[in-house]
Amino acid sequence: MLHGVAHAFLDPIRQPWEDLEAGYRRDSLDQVRAHLGQEQFDLAYARGMALQPDQALDLASGKPAAKA
């Protein structure tokens, strides 16, 4: 989900990933995709992209999700 959050934050400003970070990100995405499988990865990534900023900060900090 955090990769989706990062994508959602950077996409509107059209800021590319720095070369070093792009490599780290690519490696991490590959690892997560291998661990979860493509379908679960896609769902988690989309959920991360859809989070509101306060929800994204809570996720990144490990704060439990608010009950709906």
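Biologist: What makes R33 and D30 separated by about one helical turn?

Modeller: In this predicted model, R33 and D30 both lie in helix 2 (residues 19–36) and are 3 residues apart, which means a separation of about one helical turn.

Biologist: Why is the contact of R33 and D30 called a salt bridge?

Modeller: The side chains of R33 and D30 meet at 3.5 Å, N to O. The cut-off is within 4 Å, from a side-chain nitrogen of Lys or Arg to a carboxyl oxygen of Asp or Glu, so the pair R33 and D30 qualifies.

Biologist: How many salt bridges does a search of the whole structure find?

Modeller: The search finds 2 salt bridges. One of them joins the side chains of K63 and D58, at 4.0 Å, N to O.

Biologist: Are R33, D30 and D58 buried, exposed or partly exposed?

Modeller: Buried means under 20% and exposed over 50%, with partly exposed in between. R33 has 26% relative accessibility, D30 has 41% and D58 has 26%. Therefore R33, D30 and D58 each count as partly exposed.

Biologist: Which residues of helix 1 and helix 3 meet?

Modeller: H3, G4, V5, H7 and A8 in helix 1 meet Y45, G48 and M49 in helix 3. By class, this contact has 4 nonpolar, 4 polar and no charged residues.

Technical notes: Residues are numbered from 1 along each chain as its sequence is written. This is a predicted model: local features need pLDDT of at least 70, side-chain atom pairs count only at pLDDT 80 or more; totals for chains, interfaces and linings use all residues. Side-chain values use heavy atoms; hydrogens and water are left out. Helices (H or I, at least four residues) and strands (E, at least two) are DSSP runs, numbered from the N terminus. Buried means under 20% relative accessible area, exposed over 50%, partly exposed in between (1.4 Å probe, protein chains only). Contact means heavy atoms within 4.5 Å. Ala, Val, Leu, Ile, Met, Phe, Trp, Tyr, Cys and Pro count as nonpolar, Asp, Glu, Lys and Arg as charged, and the others, Gly among them, as polar.
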